[in-house]
Amino acid sequence: MTQRTPAVFYGHGNPMNAIAGPYGAAWRELGESMAKPKAILMVSAHWYIDGVAVTGNERPETIHDFYGFPPALYQVNYPAFGDPRLADRVRDLLGREGTREAMDWGLDHGAWSVLVHSYPDADVPVVQLSLDAKQDAAWHYALAQKLNPLRDEGVMIAGSGNIVHNLRAWRRDGDTTPYDWAVRFNDTIKRALAEHDHATPVNYLALGEDARLSAPTPEHYLPLLYVLAQQDEGEALTFFNDRLESSISMLGFKIG
């Protein structure tokens, strides 16, 4: 039986992780540990729009969608090709009437800040899939399940966000001690992932105040569900970058 292509969730955090910091090593090791996929379908927290769109560019632009960072970060270019055929396949799987091809988007920092480590030669085509801001978590999980056949076609389904992401609560005095609510929420989701419990992550808002503080807006949390939805019954899940700083969780995981 042919081994299915893994699916990966990256906790991407600060854009500076593209060029500095302790997390790139694990992202590099991840890329080196897997057979190179034919293409990557990336769901990033930073393409959160009304509707479902798929990038159809042959040469997607490296988007520097942030401000106030050192010049070196703006000089990063990730020249991966796009894959119009994959974009077309994704639209077939999700339903052509409910999706559109987008030529006005490229690779945002949720995508390239991690891929610059995992695939530094930019030699794997990348297509981005938007997050529909009008829909709830259960809808996103169900949509993501329709993408599962791509794993048998050599496509790595990737999500890039953070389980805990509250910039308003970020400690700006250099203290990275995590908040109690962040620890509880992160641990609850991590335990559910380890136990193959999909219901808890999908229904994360049922975790009350811990969820409200840990994911005050949903866009960084939702990419996790696109990866989790690819897990077959009993399929292995492994963690990397298991670290929680202040109000940001860098935890990532691989399925398969």
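## Burial and basis of the model

A residue is called buried when its relative accessible area is under 20%, exposed when that area is over 50%, and partly exposed in between, with a 1.4 Å probe and protein chains only. The model is predicted, so that local features need pLDDT of at least 70 and side-chain atom pairs count only at pLDDT 80 or more, while totals for chains, interfaces and linings use all residues. Residues are numbered from 1 along each chain as its sequence is written, and side-chain values use heavy atoms, with hydrogens and water left out.

## Two loop residues with positive phi

Alanine 122, which lies in the loop between α4 and β5 (126-132), has a phi near 50 degrees, a positive value in a residue other than glycine; because its relative accessibility is 9%, alanine 122 counts as buried. Asparagine 241, in the loop between β7 and β8 (244-245), likewise has a positive phi near 50 degrees, and with 13% relative accessibility asparagine 241 counts as buried.

Helices (H or I, at least four residues) and strands (E, at least two) are DSSP runs numbered from the N terminus. In α1, the buried residues are Gly24, Ala26, Trp27, Leu30 and Gly31; viewed down the helix axis they fall within an arc of 165 degrees, taken from the directions from the axis to the C-beta atoms, and so line one face of the helix. Glu29, Glu32 and Ser33 are exposed on the other side of α1. The cover over the buried residues includes β1 (7-11), α4, β7 (237-240) and β10 (252-255).

Note on methods
Contact = heavy atoms within 4.5 Å.
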